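Visitor: I have a model open and would like to learn how to read it. Where do we begin?

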Amino acid sequence: MENRQSLETLKGIGEKTAKLFEKVGVKTIDDLLHYYPRAYDTFEEPKAIGELLDGAVEAVDGYLKSGAAGRNFGGLSLVTVTINDMTGKLKLVWYHMPYLKNTLRPDSHYIFRGRVSRKKSGLTMEQPQMYKPEVYETFLKRMQPVYAQTKGLGNKTIASAMEQALSVRVMEKDYLPAGLRKANELAEYNFAIEHIHFPKDSTDLLFARKRLVYDEFFLFLLAVRRLKEKRQDIKSSYVMEKDSLARKLEKELPYALTKAQKRTLEEVFLDLKSGKVMNRLVQGDVGSGKTVIALLALLLAAENGYQGALMVPTEVLARQHYESVTKLFSSHGILKTAVLVTGSMTAKEKRLSYEKISSHEADIVIGTHALIQEKVVYDNLALVITDEQHRFGVAQREMLGNKGALPHVLVMSATPIPRTLAIILYGDLDISVIDELPSNRLPIKNCVVDTGYRERAYRFIAGEVAKGRQAYVICPMVEDSEMIEGENVLDYTKVLREKLPGIRVEYLHGKMKGKEKNAIMEEFAAGAIQVLVSTTVIEVGVNVPNATVMMIENAERFGLAQLHQLRGRVGRGKEQSYCIMVNASGDGEKNARLEVLNKSNDGFFIASEDLRLRGPGDIFGLRQSGDLEFKLADIYTDAITLKKVSEDVNTLLKQDENLLLPEHAELRKKLDQYLETSYEKLSL
Ligand code: ADP
Ligand code: MG
């Protein structure tokens, strides 16, 4: 592949910065080029101080009469300087950047840009970015990329590395057949890459984006078609005739299955006994009760003498499923054994699990991607279920296929993909839909509030905790960030601990070690922690029915589907549950997206409203979260493109099934690379 050299070949990027880039998944120039902005900033002419708006991000032209002052407040170092113009006075403040004192000398001249706030001490700008006026001039009216950042790796560093990467990169031959490019009016590849980072204006950006979205779908669908064996009517070596254990457990469950669960279960059982390889997608809204279907199917496999695996996207979820199987089996006297396989287990723990798997002491294997690693050798794996995850449902088949005869595959998802799109994306799967919630559920009560409501929300949470319930509080970020405004888990936890004395408040985020995450999640599930402040790591699958409050800070930042998933963490038991969405945008206006959630708890309705509200081309809205990890593309807002790509792929493969024509040589190469990197992702 071109552009595979390490980032350290760029000027100004040493080992330390390269390490930080690695944290966000960027190792090579090529990775960097595909590290797309999460938003864009438009820089405006600097304003007069008198025109600055409280709360807005603004730029001012600042001439320093005197140098900056540095101070220290127990551990906190402050650098401040005041600038004046004819219209007023503005105080600039920086935290933890003592070295700035040397830059901010008398008679220096900068453009300062940052968020303005009116304090008791007067108008203030905190942590402003500073630019030489001649540099700022070049930014004016041009769109500037805003990248996802991490501590120590700010936007400026990323953007300047990007500029360099663009200038040193090796241009790639466009792999898309020229006919398709022309017919779809798509930008040339190298052009699109440059302009997704530094577009001149929104037209330019949309043009670049259109090409890259097309590519994402195109390669994905080609890969799916290629990986997909012609599954229809493949004979299965695993026929599951016996069902007495599974049926017994089904009857003994503490609840009756809903009609929709029952129907789905029968479809699955019929597949498993049919003598043909099952390929089924189970779609059901959050809380519709998909897990029990998986568990019964796994038990069916076990009682027929086979092994079954349940693969999930997060360790937290893996552990949770593992515990619920173990408890369920032991409380019903079922003598089948489950083991856990996750990345964060020690080498010794892993080895123990692997041994149990190869000796078939383990009937059921539950884990993350780790369970399809090469080292894991199954005795006779007959059923693979993936929960809350589609993507590796496709490629994992090959991996597992190599481990014996083709297993049955069951894919479970809460993503409400309209049927027409599902058929394109998972054309080779049969679909069961669980379109009904258990009858003991009360609809979640929702509210959308501004930040002024927080104190009341805390009192409300305290009240629920007093009744023995638990709460989640979601923040968009892990830690404080210079560039992006928003609540963060670490600071929020401190505040909540003060506001909720006597209540145990803990936090959870993706940067924590696996072991720490597990410990916190286990304690929360056991009720030892009452309030869990978390990022969206708990978004999928987590099931703690005793939790009744979901409070989401900066709700305006999340996509609708993601909010719906988050909200789905409550309302999972018989108690009344609540979802408090805090809209911190401060504009006092109703947020149309949040109103949709406020009004409805129905995932399919929400997805369709999302599509209507955002419309194709709304690329500034936050992307949907979902199982399909496209970088730019969104299966909802880009649904029209998706359909078109699907047709194009079909036509192409009809014409040249194995991409052997000379004009498809580049494409074949690109597809091979794509498959290779998807596999890398798989064998984490
Ligand atoms: P999801 O579909 O989101 O994966 P789960 O399978 O985790 O949902 O189920 C959510 C909760 O509902 C669990 O606590 C589960 O025990 C419970 N549950 C599942 N089916 C039923 C049912 N038919 N009646 C009552 N509760 C149920
Ligand atoms: Mg689930």
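Guide: With polar contacts. A polar contact is a pair of N or O atoms within 3.5 Å. Keep in mind that this is a predicted model.

Visitor: Which distance separates the polar side-chain atom of N543 from an oxygen atom of ligand 1?

Guide: The distance is 3.1 Å. That falls inside the cut-off of 3.5 Å.

Visitor: How much of ligand 1 does the protein bury?

Guide: Compare the ligand alone with the ligand in place. Alone, ligand 1 exposes 560 Å². The protein buries 88% of that area.

Visitor: Which residues around ligand 1 come nearest?

Guide: There are 18 residues around ligand 1, and G287, K290, T291, R441 and R572 come nearest.

Visitor: Now the interior. What is the general idea?

Guide: In soluble globular proteins, nonpolar side chains tend to be buried together. Here, the largest nonpolar core holds 63 residues. Within this core, F21, L32 and F218 touch the most other members.

Visitor: Which elements give two or more residues to this core?

Guide: They are α1 (15-23), α2 (29-33), α5 (155-168), α7 (189-197), α8 (202-227), α15 (419-425), α22 (639-655) and α23 (665-682). The most comes from α8, with 13 residues.

Visitor: What is F218 in contact with, beyond its neighbours within four places in sequence?

Guide: F218 is in contact with L176, L180, V645, V649, L652 and L667. Another core lies apart from the largest one. This other core has 44 residues, including A297, M345, A382 and V540.

Visitor: How do I judge the overall fold?

Guide: Start with the radius of gyration. A compact globule of 684 residues would have one near 26 Å, and the chain has 27 Å, so the two agree. The C-alpha trace spans about 85 × 70 × 50 Å along its principal axes. Then count elements: the chain has 23 helices and 21 strands.

Visitor: What share of the chain is buried, and what share of contacts joins residues at least 24 apart?

Guide: Buried residues make up 55% of the 684. Take the contacts between residues at least 6 apart in sequence: 72% join residues at least 24 apart.

Visitor: How much of the accessible surface belongs to carbon and sulfur atoms?

Guide: The accessible surface is about 30600 Å², and carbon and sulfur atoms account for 53% of that.

How values were computed. Residues are numbered from 1 along each chain as its sequence is written. Chains are lettered from A and ligands numbered from 1 in the order in which they are written. This is a predicted model: local features need pLDDT of at least 70, side-chain atom pairs count only at pLDDT 80 or more; totals for chains, interfaces and linings use all residues. Side-chain values use heavy atoms; hydrogens and water are left out. A nonpolar core is a set of buried Ala, Val, Leu, Ile, Met, Phe, Trp, Tyr and Cys residues joined through side-chain atoms within 4.5 Å. Buried means under 20% relative accessible area, exposed over 50%, partly exposed in between (1.4 Å probe, protein chains only). Helices (H or I, at least four residues) and strands (E, at least two) are DSSP runs, numbered from the N terminus. Contact means heavy atoms within 4.5 Å. A residue is near a molecule or strand if one of its heavy atoms lies within 4 Å of it. A polar contact is a pair of N or O atoms within 3.5 Å; within protein, one must be able to donate a hydrogen and the other to accept it, and residues adjacent in sequence count only if both atoms are side-chain atoms. Accessible areas come from the Shrake-Rupley method with a 1.4 Å probe; for residues, only the protein chains shown count as cover. The radius of gyration is taken over C-alpha atoms; the globule rule is 2.2 Å times the number of residues to the power 0.38.
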